[in-house]
Amino acid sequence: MAAPKDYYKILEVDDKADAAAIKKSYHRLARQYHPDVSGKAGEDKFKDINEAYEVLSDAKKRAEYDRLRRGYAEHQSRRQGPGFERVSYDWSPEDFGGFGTIFEDLFSGNRDFGRPEPRTVPEDTVRITLEQVAQGTTVNLTVNDVRECVVCHGRDSSCPRCGGLGQVAEPRRFDVTVPPGVEDGAVLKVGEYARLRVEVAPHPRFQRQGDNLVGRLMVAVPVAAAGGEVAIQPLLGESVTVKIPKHTNHGKVLRLKGMGLPHRGAKVKGDMMLEVELRFPEPFSSEDDTLYSQLKNHHEEAGGEIHAPR
Ligand SMILES: [Zn+2]
């Protein structure tokens, strides 16, 4: 297990040397270390020289070797940090016939050189209530986090950890904070690359309009006419008393300041907008009939205008 052999060093040339300089240096060294001259002691050196020359004299092999050498250097500098397993790999080819295969194996799929391939972004959707929008909530999310195999770094087809895929999917649990005031359809970032899409379920009583909560408020006709109070159930918490001004007509919108939703990331809150709908208290008693008749006789106005539908 070693770094790539430094063929330039072996041939005593620098890595910018042209073909002629490489050839010249090779001839000189081959003569010097030829087994006939240097005997058994020079045998390994002679093998190295020939190996180096075979690669560096072939433009295509040399280009691939340069790439590999650069990749290895970058890789080494990236892997210095704590927590990373120092990686090395078997460099020396058994014979030169296997060279191409080794290069292909090392470079296919961008294995350890450069950044990992972009991964599909796992996205999940969560549906929350309007009450949860008002308060914020936490969603537990498990993401299958695909990471490079730390055992083989994608180099061992018989790796027991990744089965040779070079990547391992590990379920990772996240507690995702959904902020108060989150918008319907908002996408929250989870961990390094996962996403959580937030959908807000429809509410039976309120409709959301930005930070405002909109609803229809039923008010009894006598209360609307004479003025009074009604108890309303807000989105959260105990019921609240709302003043109905006298002469409140059907369709009037009452604005309750600050009773809407929080604005995401801010301290301000929207309002509650209630459109008044007048209702006759039922059932009608005979006394009611008498009173309404008296009221009718007080007024000449009976209505009769036609308006377009809302
Ligand atoms: Zn592995």
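**View 1. Val187 and its partner across the strand pair.** In this predicted model, Val187 stands opposite Arg197, a residue of S5. The two strands concerned, S4 and S5 (residues 194-200), run antiparallel to each other and are joined over four bridges. Strands of a sheet pair through backbone hydrogen bonds, in either the parallel or the antiparallel sense.

**View 2. The open sheet of three strands.** The strand order is S1-S5-S4, and the pairing is mixed. S1 (123-128) and S4 (187-190) form the edges; each has a single partner strand, so one side of each has no neighbour in the sheet. From one strand to the next, the twist averages 30 degrees.

**View 3. The open sheet of four strands.** This sheet has the order S6-S7-S11-S10, again with mixed pairing. Its edge strands, S6 (207-209) and S10 (253-256), each pair on one side only. Direction ignored, neighbouring strands here are turned against each other by 35 degrees on average. S10 pairs with S11 (residues 272-279) in the antiparallel sense, over four bridges. Within that pair, Leu254 has Leu274 of S11 as its bridge partner.

**View 4. The largest nonpolar core.** This core has 19 residues. Those with the most contacts inside it are Leu130, Val133, Ala134, Val190, Leu213, Leu235 and Met272. Helix H7 (130-135) and the strands S3, S5 and S11 each supply at least two of the core residues. Domain 2 (123-200) and domain 3 (207-298) each contribute at least three residues to this core. Apart from this core lies another, of 14 residues, which includes Leu11, Tyr53, Val55 and Leu56. In soluble globular proteins, nonpolar side chains tend to be buried together.

**View 5. Contacts of Leu213.** Leu213 is one of the residues with the most contacts inside the largest nonpolar core. Neighbours within four places in sequence are left aside here; beyond them, Leu213 is in contact with Phe206, Arg208, Leu235, Gly260, Leu261, Gly270 and Met272. Of these, Leu235 and Met272 also have a place among the core residues with the most contacts.

**View 6. Ala169 in strand S3.** Ala169 belongs to strand S3, which covers residues 167-178. Ala169 counts as partly exposed because 13 other C-beta atoms lie within 10 Å, a count between the limits of 12 or fewer for exposed and 20 or more for buried. Residues up to four places away in sequence aside, Ala169 touches Asn144, Asp145 and Val146.

**View 7. Helix H9.** H9 comprises 13 residues (residues 286-298). At 1.5 Å a residue, the helix should span 18 Å, and its end C-alpha atoms are 19 Å apart, so the two values agree. H9 is hardly covered, as the count of buried residues in this helix is zero.

**View 8. The whole chain, for orientation.** The chain contains nine helices and eleven strands. Of its 310 residues, 16% count as buried. Among contacts in the chain with a separation of 6 or more, 56% are between residues 24 or more positions apart.

How values were computed
Residues are numbered from 1 along each chain as its sequence is written. This is a predicted model: local features need pLDDT of at least 70, side-chain atom pairs count only at pLDDT 80 or more; totals for chains, interfaces and linings use all residues. Two residues are in contact if their C-beta atoms, placed from the backbone, lie within 7 Å. The expected span of a helix is 1.5 Å times one less than its number of residues. Two strands pair if DSSP finds at least two bridges between them. Axes are lines fitted to C-alpha atoms, for helices over the stretch in contact, and angles run from 0 to 180 degrees between N-to-C directions. A nonpolar core is a set of buried Ala, Val, Leu, Ile, Met, Phe, Trp, Tyr and Cys residues joined through C-beta atoms within 7 Å. Domain bounds come from an automatic or database domain assignment.
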